[in-house]
Amino acid sequence: MMDSLQELYQEVILDHNRRPRNFRAIADATRQEGYNPLCGDRLVVYVALEDGVVRDLSFEGAGCAISKASASLMTEALRGKPLAAARQLFADFQAMVTSPSSEPARDLGKLTALAGVREFPTRVKCASLAWHAVNAALNGAAPAPVSTE
Amino acid sequence: MATTDTAPATTATTAAVTPYAVALLREEFPILSERIHGKRLAYLDNAATTQKPREVLAAIAAYYETANANVHRGVHLLSERATAAFEDARVEVAAFFHAAQPHEIVFTRNATESINLVAHSWGGANLSAGDEVLISAMEHHSNIVPWQMACARTGAQLRVVPIDDRGALDLEAFRRLLGPRTKIVAMSHLSNALGTVNPVAEIIAAAHAVGAVVLVDGAQAAYHMAVDVQALDVDFYVATGHKLYGPTGMGVLYGKTALLEAMPPFLGGGDMIASVTFEQSTWNVLPYKFEAGTPHIEGAVALAAALRFIQRVGFTWIGAHEAALLAYATEAVQAVPGVRLVGTAPVKASILSFVMDGVHPHDIGTVVDRAGVAIRTGHHCAQPVMARFGVPATARASLAMYNTRDDIDQLVAALHETRKVFA
């Protein structure tokens, strides 16, 4: 495999693609659909807030390795976070995947594994799909699917 | 022109492709020698757009260097040259599709616009509540949405002919759905997502028997097989230049004279009028009634060059070459563990849609791209087809005249690599 491919499909991403964490529905949670019209992929995220804290977070749906792994890693990263910190991480994640690949990636712990998409402009939206859905859910859920476009 | 000398013999019996012939043909396409991520380019996304031979590129430059002016209006020599080049192109397009008259060829932006023109103009004048528009379950969005819009405007109803598990049209269902309410049948000649070739002659004859007109979407077919609109007796046939080894932004609509004459204009503006006053305007004759505004002049000129190129190679050779390569590719791709084909109709051409166990098509697309292989991944603007086969997307390799076994071998090697990454 070439370097940039290795960078994109790191072991942590392949692992979360194979065995996505929190891959389930949550009853009584805010449900938000995310849709990438470029590829037709749909993910549903479930966000359960309690006292201004993300008590539980999960997702379902079909997608590519990048979108699944990103959603899976996201559920781990956001669980237990206060609302303000969750929103901040969304902003930091967006900034990381859209920053120029010539710059060193911002360290976001395990999420830094997704910085490899910067070399693949057509795949950035795959990485941000679940995040856009969660951000909408944190803002009270949109009636229509959140689109990456 | 090198191709005149090097294009292989076009008799069916000698159409077996020699590597020598294809190698020479490939030299006519400069982009094929581009390096992609440092690798040889295996361009297998021809159903999205084909690459352009040198003489098409030269035709565009020559037009701008020697003839550029606006058409149909100027009295100066350059305008005469531009008009002649543009109208000569129409004559060549008409001959390519075997239209009876050049004015039966309307230039549009693309096949999508051609369908919209018919759905809007013919549909507006001929559809009303109680009428039915019959399409198929394998259509591209461009042959679904314009009809949905026409139905919404007129109160007509959209009916859909199902396809079977191989992706072939259900002809029995087609005959059942066809009836006195059917005003128009709109179907693809060759499915972009599945590769299915529809029996259009049979469809047209059956539709005519109940008094319906037929539009055939030839966007995918026209660069793979000879199309004779008079022999087919088709009412409307649409195609697009950029899949015919020509430029983008250059679409074709063929329509029978009587139908086009009876239709109101589509877009209003310059060139499409005979006279204008603030009280009333009158329409120009065919085909100008449907060509408002300054047209894509160099597009028409370049399309004519592309059609000359295709005809020199010849559809007998192209058909035999692509059929042999599709058979080779079908076997080779299917032999990759975990790969399943989507679209296995008995009559197919040029398109190989597939999925791989446990690997999303987008991930396939990214890995093979790094190996120099260009394929399409996604829903191919045919979401109902994806739903029919229960997949969110497929990977699609699609062939053109310049593809070789090397391209297929490179794809297959990249698919093995993909499996390794996601093992």
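Guide: Let us start with B:Asp131, which forms a salt bridge with B:Lys183, the closest N and O atoms being 3.3 Å apart. A salt bridge here is a side-chain nitrogen of Lys or Arg within 4 Å of a carboxyl oxygen of Asp or Glu. This pair links distant parts of the chain, 52 residues apart: B:Asp131 sits in the loop between helix 5 (111–126) and strand 5 (132–136) of chain B, while B:Lys183 belongs to strand 7 (residues 182–188) of chain B. Helices (H or I, at least four residues) and strands (E, at least two) are DSSP runs, numbered from the N terminus. B:Asp131 counts as buried, at 9% relative accessibility, whereas B:Lys183 is partly exposed, with a relative accessible area of 27%. Buried means under 20% relative accessible area, exposed over 50%, and partly exposed in between (1.4 Å probe, protein chains only).

A word on where this comes from: it is a predicted model, in which local features need pLDDT of at least 70 and side-chain atom pairs count only at pLDDT 80 or more, while totals for chains, interfaces and linings use all residues. Residues are numbered from 1 along each chain as its sequence is written, chains are lettered from A and ligands numbered from 1 in the order in which they are written, and side-chain values use heavy atoms, with hydrogens and water left out.

Now look at another pair in chain B. The side chains of B:Asp165 and B:Arg388 meet in a salt bridge of 2.8 Å, N to O. B:Asp165 lies in the loop between strand 6 (157–161) and helix 7 (171–177) of chain B, and B:Arg388 in helix 14 (residues 383–389) of chain B, so that distant parts of the chain, 223 residues apart, are linked. Here B:Asp165 counts as exposed at 62% relative accessibility, and B:Arg388 as partly exposed at 31%.

A further pair is B:Glu291 and B:Arg90, whose closest N and O atoms are 2.8 Å apart in a salt bridge. B:Glu291 is in the loop between strand 12 (281–283) and helix 11 (297–313) of chain B and B:Arg90 is in helix 4 (residues 77–96) of chain B, so the pair ties together parts that are 201 residues apart in sequence. B:Glu291 counts as buried at 6% relative accessibility, and B:Arg90 also counts as buried, at 1%. Over all chains, the count comes to 28 salt bridges by this rule.

Let us step back to the chain around these pairs. Chain B has 15 helices and 17 strands. Its radius of gyration is 22 Å, close to the 22 Å that the globule rule gives for 423 residues, so chain B is as compact as a globular protein of that length. That radius is taken over C-alpha atoms, and the globule rule is 2.2 Å times the number of residues to the power 0.38. Buried residues make up 57% of the 423 residues in chain B.

Finally, turn to where chain B meets chain A. The contact (heavy atoms within 4.5 Å) takes 17 residues from chain B and 23 residues from chain A. Across this interface the rule finds one salt bridge: B:Asp363 pairs with A:Arg123, the closest N and O atoms being 2.9 Å apart. Helix 13 (361–369) and helix 15 (405–421) of chain B each supply at least two residues of the side that touches chain A. The largest share of that side, four residues, comes from helix 13 of chain B.
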